[in-house]
Amino acid sequence: MRINPPLVALAIGAFGIGVTEFAPMGMLPGIAQDLGVSIPAAGLLVSAYALGVLLGAPLMTLTTGRIPRRYLLIGLMGIFTLGNLMSALATDYYSLMVARVVTSLNHGAFWRWLHRSRQRGRPGKTCRGGGGDVHGPDLGDHRRCAAGHLVW
């Protein structure tokens, strides 16, 4: 079996986006405690991600339609990486909220192009995302438990 590097990159990107979106749900009590906010307030970090998807999906998809897919996907993953780096370096609730929105801006455009790639594939050679959707909260919760309390 031959490994297809672009397909592996898409799969890793899809998994990363799914985990980033859903992992905080399993870590809300720890995030709330570390940031000194209530659990419902920490839950708004999940809503902030959804707001970024709501704003970013149509804007990014409409404004990037003429960019070659390879460069677009690299750029979208750059935005995703920047947002996650901002999240890792966030020192308070509001900076983490902004980081979550930045991270989510690429979400809709990435899935649109991933779906388009899937439609062009041959049967049996398609790319499917969604592993992060199912495993994100579980993996995030176990990571937090294993790593102890980290700075969010």
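A residue counts as buried when its relative accessible area is under 20%. This cut-off is applied here to a predicted model.

Helix 3 spans residues 39-63, a run of 25 residues. From its first C-alpha to its last, the helix reaches 36 Å. That is close to the 36 Å expected at 1.5 Å a residue. The helix does bend, by about 35° at Gly56. A proline, Pro58, follows within four residues of that point.

Gly56 is also one of the buried residues of helix 3.

A nonpolar patch lies on the surface. Leu51, Leu54, Leu55 and Leu59 form this patch. Together they have about 400 Å² of accessible area. Of these, Leu51 is found in helix 3. The relative accessible area of Leu51 is 43%, so this residue is partly exposed.

Two further buried positions were examined. Gly83 lies in helix 4, which covers residues 69-89. Gly83 counts as buried because its relative accessibility is 0%. Its C-alpha atom is separated from that of Ala99 by 5.1 Å. Along the chain, Gly83 and Ala99 are 16 residues apart.

Asn106 sits in a loop, between helix 5 (93-104) and helix 6 (107-120). Asn106 has 0% relative accessibility and therefore counts as buried. The side chain of Asn106 reaches the backbone oxygen of Leu76, at 3.0 Å.

Note on methods
Residues numbered from 1 in each chain as written. Predicted model: local features only at pLDDT ≥ 70, side-chain atom pairs only at ≥ 80, totals over all residues. Heavy atoms only, no water. Helix = DSSP H or I, 4+ residues; strand = E, 2+ residues; numbered from the N terminus. Expected span 1.5 Å × (residues − 1). Bend = angle between axes of the 7 residues up to and from the residue. Buried < 20%, exposed > 50% of the residue type's maximum accessible area, 1.4 Å probe, protein only. Patch = residues over 30% accessible without salt bridge, like charges linked within 9 Å, V, L, I, M, F, W, Y side chains within 5 Å. Areas by Shrake-Rupley, 256 points an atom, 1.4 Å probe, with all protein chains shown as cover. Salt bridge = Lys/Arg side-chain N within 4 Å of Asp/Glu carboxyl O. Polar contact = N/O pair within 3.5 Å; in protein donor to acceptor, adjacent residues only side chain to side chain.
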